[in-house]
Amino acid sequence: MDRIPVAPLKSSSFSAATSREEKLARNLSLGPIKLNEHIKEAQKEKAAAVDNTGEAGADAVPEEAAEPDLAALSAEIDAFLAAPRDGDAPLAVSEVTLDRFASAVEQEIAQSEGTDNKWAPNEAGDAPPHLAAIKRLAALASALTADNTAPCGATTYTIGVHRVTGVLHRAMTFVEDEFHGMLEDPRVAKMAPQAADTGSATGRSMKRPPSFGHGAELDRCVVPTSFGDASPPFPPETVGRLRAMAEAMFAAGCETECTQVFLVARRNALDASLQSLGYEKASIDDVVKMPWEALESEIATWIKAFRHTVEVDLPGERDLCARVFAAGGQQRCLERDIFADLAHCAMLRLLNFTEAVVLTKRAAEKLFKVLDMYEAVRDAVPLVDAFLFPPAADDGEGEGAGARGPGATADEDGGGSGSASTALVDLNHELASVRTRLGESAAAIFCDLESSIRADAGKQPMPGGAVHPLTRYLMNYLEYACEYKKTLEQVFQEYRRPDDDDDAEHGGGGGGDPFAAQLMEVMELLHGNLEAKSRLYKDPSLSSIFLMNNGRYMLQKIRGSPEINAVVGEAWSRKRSTDLRQYHKNYQRETWSRVLNLLRDDGVITVKGHVQKQVLKDRFKQFNAAMDEIQRTQGSWVVSDEQLQSELRVSIAAVIVPAYRSFLGRFLQHFTAGRQTEKYVKLSGEDLEAIIEELFDGNAVSMPRRRT
């Protein structure tokens, strides 16, 4: 079972507090050592050292009698370290001195354990006292170990090695705890209770490896921060302390432990950043089974988290790595390796989500979210390239942020940059692969519109000749798609189907732009589909109204969107405008030409200067019946575009009303005033105008009996 990570406990290996002695039990390579056991063991070692050297009477000083002088002991140790090791009589150092020096280092660290500036450089800018002491202790441990493995005759320091290496080990535990605590994001501690409640893999922060030891209690103050806030940048003084700790661990030969602690702390910080943005890792099966509404929300969260990681988190981590591991040499190589590992892990976790999205069933409504993901990945490529090929000089601190161009060789970098470059190159390739798959998915979804149009072959005409739902859906869809015009052009350039080249060779639409050609194909298919649907109407006039409604809607959408208008082109719009005028003419011919013929004196009403009253009566009867039929049927027809509705009414009135007024003025006098007039002349010119004004409202109303 995973242990819930907690803020590390400051080492008490150098503290004399009795209450903490009983709680401390570190998992050291030498086994669990409690503080009181360590003190007893150290006292036994001192007594044994005095007996072995035979200097108990002269050199032994009671432990409580005098404090070890770190400065004087350091000078003696420096002389021992500086002396040649291969002479006839190499300089030796007594076991008592080794013990006193180790005790002095223990005491120095214990005294400053509770202070905040123990890793800060002194006023002269020199290394912190702890760093110098630990480096000297590490060098001493190395020298003593080498002497113990030297040929016979060389001085050996069995007890001294045990004492010095033990103190060094505990010092490294202390440094590691401080290093981890300072690197840890405060949000990681906030997420630990959630991980315990949910048990999810995404809710758990990564366990810190027990390289030296780890605290079991939470005694570090966590600064409160908003859960949604970005991780605060490390101030220069904190970075300086982190760098000092890293140098101390490197000097002690603990490079692996140092880098592992750094990696774990910063991976947890990156995970905390993602979780603070609302992103939770989901399996491919979970994503594939998600309903679209939930997946749409997840994609929006993913895009926000992905952009934040690439634009904010990773540059911050790169800067932190460069400044913490700024000592050059091996640290420089490790800095690149560490950042490459962090970037690779963080990005792969996010990119796995895109793989799952691509595997979901294609649907038209998914296009725009897929394009959003494509744009996010596309925009990330230059930033990852900047990580892979950084500028010749950074503005970081020290040599760690110095020149690091793409031409740096393994020899210059100590071989570490090879694995870092490989990880980042792999990441770049993965980004390119994900971008390709997202582009292919987007192009395939858009091309599926053709199948959707062909599949919409309903046998029932649209009531009233109104705009068909397919027209509304597709035109709004294409209008929105053209807001992604540049991205879709890029996608279709990268994802060219074999028949695209054939279309270009034969002069296909789109002028060589595969996206424009595909959009024009969709438009032509829609136009053909509407013409087929218009033939479902038995009334040719209503068929013309249907085509006018849908054609006008398409044209208005095209002219109202600069993006889609630029793709379609003015020539296509002019052709559709010509079609609309033709539909208008067809409607007027089918509906009103017959009415106009009733208002003409074609030699039947007037014969040799005499009006044939019966023929005149029949004409008025036919006109009244025709207008009643038109009002009853066409009043229920729908023209939703107000401008088109007005144009139709005006054009009808401009033809019919003057002709009727003229006919009425010419022949009304031939009817006897009274009942005869009321029987045959039911409409005045104003009545006719009112009827025309009520057409295309979607209301079926019969013509009332009106008086002249």
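Q: How does helix 25 pass helix 27, left-handed or right-handed?

A: A crossing counts as left-handed if the near helix is turned anticlockwise from the far one by less than a right angle, and right-handed if clockwise. Here helix 25 passes helix 27 in a right-handed crossing. On the helix 25 side, the contact (heavy atoms within 4.5 Å) includes R649, I652, A653 and I656, while helix 27 brings residues including G685, L688, E689 and I692. An α-helix has 3.6 residues a turn, so residues three or four places apart point the same way.

Q: What should I know about where these values come from?

A: This is a predicted model, in which local features need pLDDT of at least 70 and side-chain atom pairs count only at pLDDT 80 or more, whereas totals for chains, interfaces and linings use all residues. Residues are numbered from 1 along each chain as its sequence is written, and side-chain values use heavy atoms, with hydrogens and water left out.

Q: At what angle do the axes of helix 25 and helix 27 cross?

A: Axes are lines fitted to C-alpha atoms, for helices over the stretch in contact, and angles run from 0 to 180 degrees between N-to-C directions. Helix 25 (residues 642-667) and helix 27 (residues 685-693) cross at roughly 160 degrees, and their axes come within 10 Å. The two are therefore roughly antiparallel (angles over 145 degrees).

Q: And how do helix 21 and helix 23 pack?

A: Their axes are 9 Å apart, at an angle of about 155 degrees, which makes helix 21 roughly antiparallel to helix 23. This time the crossing is left-handed. Among the residues in contact are S544, M548 and L555 of helix 21, and R576, Y583 and Y587 of helix 23.

Q: How many residues of helix 5 are buried?

A: Buried means under 20% relative accessible area, with a 1.4 Å probe and protein chains only. Twelve of the 17 residues of helix 5 pass that test, so the helix is largely enclosed by the rest of the structure.

Q: Which residue caps the N-terminal end of helix 20?

A: That's D513: one of its side-chain oxygens lies 3.1 Å from the backbone nitrogen of F515. Helix 20 covers residues 514-534 and reaches 30 Å from its first C-alpha to its last, close to the 30 Å expected at 1.5 Å a residue. It's mostly covered, too, with 15 of its 21 residues buried.

Definitions and conventions
Helix = DSSP H or I, 4+ residues; strand = E, 2+ residues; numbered from the N terminus. Expected span 1.5 Å × (residues − 1). Buried < 20%, exposed > 50% of the residue type's maximum accessible area, 1.4 Å probe, protein only. Polar contact = N/O pair within 3.5 Å; in protein donor to acceptor, adjacent residues only side chain to side chain. Parallel < 35°, antiparallel > 145°, perpendicular 65-115°, else oblique.
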